[in-house]
Amino acid sequence: MEPRLTCGSVLGGLGHAAWAQVKRGLTELMVKSVDGRIQEPHLVRLNGRIWLTRVMSYSRRVIDDALDELFPHLAAIAIEGAKGVGKTMTATQRAVARVNLANRAQRLVIQANPNYVVTLAKPTFIDEWQLVPDVWEEVKASVDGDHAGGQFLLAGSAGLDPAIRVHSGAGRIVSMTMRPMGLSERGLVQPTVSMRSLLGGEVRISGDSPMALPDYVDAIVSSGFPALRGLPPRALNTALDSYIQRVIHHDLEENGLSVRRPQALLAWLTAYAAATSTVASYNSILDAATPGDSEKPARQTVTSYREALTRLFMLDPVPAWLPALSPLKRLAQAPKHHLVDPALAARLTGATRESLLRGEGPARPGTDATLLGALFESLATQAVRVLAEALGVRLSHLRTRGGEHEIDLIIEAADRRVVAFEVKLSGAIDDRDVRHLHWLREQIGDRLIDSVVLSSGPIAYRRPDGVAVVPLALLGP
Ligand SMILES: Nc1ncnc2c1ncn2[C@@H]1O[C@H](COP(=O)(O)OP(=O)(O)OP(=O)(O)O)[C@@H](O)[C@H]1O
Ligand SMILES: [Mg+2]
């Protein structure tokens with residue numbers, strides 16, 4: 001992919017003396033790109049002046065594998081996901097024509113004539129389609145008339161209000177969810193253990209990871225939002241804070257939810273963040289948000305916040321595994337709590353790189369695990385989710401009703417066979433860490449393709465009992 005020119009700044013800012021040095025080859029110009037790499041800048045001559053442009057290269061995403069495989073055969077794909085995860089960038093790479101419904105002028109034109117979007121050159125990319133829901137029907141009708149692959153990409157950063165009814169588009173418009181960059185997408189380590197191969201069975205496990213615990217903490221607090229890659233700590237924190245503020249003060253409102261007490265919502269979201277990677281009840285989260293407060297928000301109000309935050313993909317809970325045709329009984333149904341990126345949870349709870357490494361963190365309802373353990377599990381969940389989504393397999397967690405047995409992550413292929421993952425912060429894995437995986441094997445036998453412990457350790461290997469131990473950074477597509 002050619003580097004893309006995105007914005008220019010006048011080179012005059014360098015000063016004439018510096019520019020003269022550049023021309024004489026005495027100074028090299030360098031620009032830091034969004035992914036933190038230093039690159040040569042583009043110099044562009046325009047209107048008789050020389051402009052220095054920031055170079056932005058496109059980092060390939062895991063979802064690109066799925067798009068390569070599917071888009072030639074499917075007429076329309078909708079990419080959904082939280083703000084800033086890279087939907088527009090990824091879809092733009094594949095489009096010939098584009099309309100952006102977040103742009104007011106374009107929106108007004110298309111509101112008046114939604115059919116316009118199906119008349120453009122293909123592939124057509126319709127960004128923020130949910131702002132003019134009629135567009136969905138137009139695409140669906142167009143695809144009904146012509147099934148050829150590769151015609152429409154749609155992107156949306158908010159699910160629709162359930163009050164707005166859109167025909168599901170089943171079979172005509174396929175939805176995929178995009179998330180912040182999973183660990184394997186961040187270019188930190190070359191993965192050696194393939195998720196696709198794990199699902200295929202009989203995979204050899206090997207590889208060394210240079211990442212140690214402090215590196216994983218860095219990965220947690222720096223987030224997977226592509227635009228925030230490589231930012232220095234203070235700018236990063238400011239960007240994450242404004243992401244949270246924008247959701248509370250702007251995005252919810254824009255999606256039809258009036259937030260009367262933003263402070264109460266922030267307190268609730270903070271308590272939710274503290275409950276990351278637990279199945280704490282919503283009552284206990286509300287109590288933690290408003291201790292001793294007799295004027296707690298009504299439970300209904302909190303439910304509507306929660307639904308709206310989920311619709312904006314800010315909350316990204318992992319559902320409980322409720323397998324059909326299985327001998328497993330007495331499974332709990334509560335989802336496991338996660339924000340779309342663990343860096344948001346760290347920011348909300350006031351955790352820093354240093355406090356996490358010291359083992360500090362707020363009290364967490366219903367668990368004595370450390371906040372760092374919870375955020376590492378959340379990082380692993382995001383990493384596995386991104387890979388599972390691209391392969392079209394479902395992700396869930398398993399917990400028996402009394403909590404005697406728990407499996408952190410289960411991915412289930414279409415043939416109902418599963419790979420089970422336990423996430424352990426520790427670098428050294430012992431028999432206690434794999435006991436639930438053995439229990440699951442006894443319960444479901446061959447339906448379990450493989451069992452994996454994701455750790456922060458240095459080496460990928462298979463234990464004598466058959467369980468794979470894989471450093472989280474080594475798990476890739
Ligand atoms: N694959 C990528 N490689 C490099 N940079 C990227 C990539 N994807 C996104 N970015 C950077 O992240 C920024 C946000 O990405 P993008 O606008 O595509 O997100 P989005 O999901 O469409 O967000 P929104 O919901 O706010 O529209 C981009 O402007 C770009 O700077
Ligand atoms: Mg966008």
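**Exercise 1. Describe how helices α7 and α14 are placed relative to each other in this predicted model.**

Solution. The steps are as follows.

Step 1. Two packed helices are described by the angle between their axes and the distance between the axes.
Step 2. Helix α7 covers residues 213-222 and helix α14 covers residues 371-391; their axes come within 10 Å and cross at roughly 70°.
Step 3. On the α7 side the contact uses Y216, A219 and I220, and on the α14 side L375, F376 and L379. By class these are 6 nonpolar residues, with no polar and no charged ones.

**Exercise 2. Work out whether α2 and α14 are roughly parallel or roughly perpendicular, and list the residues in their contact.**

Solution. 
Step 1. The axes of helix α2 (residues 62-70) and α14 cross at roughly 5° and come within 8 Å.
Step 2. Angles under 35 degrees count as roughly parallel, so α2 and α14 are roughly parallel to each other.
Step 3. From α2 the contact takes V62, I63, D65 and A66, and from α14 it takes V386, L387 and A390.
Step 4. The contact of α2 with α14 has 6 nonpolar residues, no polar ones and 1 charged.

**Exercise 3. Give the strand order of the open sheet of 6 strands, name its edges, and find the helices packed on the sheet.**

Solution. 
Step 1. The order is β12-β13-β14-β15-β17-β16, and the pairing is mixed.
Step 2. The edge strands are β12 (394-399) and β16 (461-462); each has a single partner strand, so one side of each lacks a neighbour in the sheet.
Step 3. Strand β15 (residues 448-455) and strand β17 (residues 468-471) run parallel and are joined by 4 bridges. V453 has V469 in β17 as its bridge partner.
Step 4. Helix α14 packs on the sheet and touches β12, β13 (406-412), β14 (418-423) and β15, its direction making about 10° with that of β13.
Step 5. Helix α15 (residues 435-444) also packs on the sheet; α15 touches β13, β14 and β15, and its direction makes about 170° with that of β15.

**Exercise 4. Decide whether strand β9 is largely enclosed or exposed, and identify strands joined to β9.**

Solution. 
Step 1. A residue is buried if 20 or more other C-beta atoms lie within 10 Å of its own.
Step 2. In β9 (residues 152-156), 5 of the 5 residues are buried, so the strand is largely enclosed by the rest of the structure.
Step 3. F152, L154 and G156 are buried on one side, and L153 and A155 are buried on the other, so both faces are covered.
Step 4. Strand β6 (residues 76-81) runs parallel to β9 with 5 bridges, and A76 has F152 as its bridge partner.
Step 5. Strand β8 (residues 124-127) runs parallel to β9 with 4 bridges, and D127 is the bridge partner of A155.

**Exercise 5. Describe the shell around ligand 1.**

Solution. 
Step 1. The ligand is surrounded by 17 residues, of which G86, T88, M89, S157 and A227 are the closest.
Step 2. Helix α3 (residues 87-92) gives the most to this shell, with 4 residues.
Step 3. By class the shell has 6 nonpolar, 7 polar and 4 charged residues.

Key
Residues are numbered from 1 along each chain as its sequence is written. Chains are lettered from A and ligands numbered from 1 in the order in which they are written. This is a predicted model: local features need pLDDT of at least 70, side-chain atom pairs count only at pLDDT 80 or more; totals for chains, interfaces and linings use all residues. Axes are lines fitted to C-alpha atoms, for helices over the stretch in contact, and angles run from 0 to 180 degrees between N-to-C directions. Helices (H or I, at least four residues) and strands (E, at least two) are DSSP runs, numbered from the N terminus. Angles under 35 degrees count as roughly parallel, over 145 as roughly antiparallel, 65 to 115 as roughly perpendicular and the rest as oblique. Two residues are in contact if their C-beta atoms, placed from the backbone, lie within 7 Å. Ala, Val, Leu, Ile, Met, Phe, Trp, Tyr, Cys and Pro count as nonpolar, Asp, Glu, Lys and Arg as charged, and the others, Gly among them, as polar. Two strands pair if DSSP finds at least two bridges between them. A residue is near a molecule or strand if its C-beta atom, placed from the backbone, lies within 6 Å of it. A residue is buried if 20 or more other C-beta atoms lie within 10 Å of its own, exposed if 12 or fewer, and partly exposed in between; C-beta atoms are placed from the backbone.
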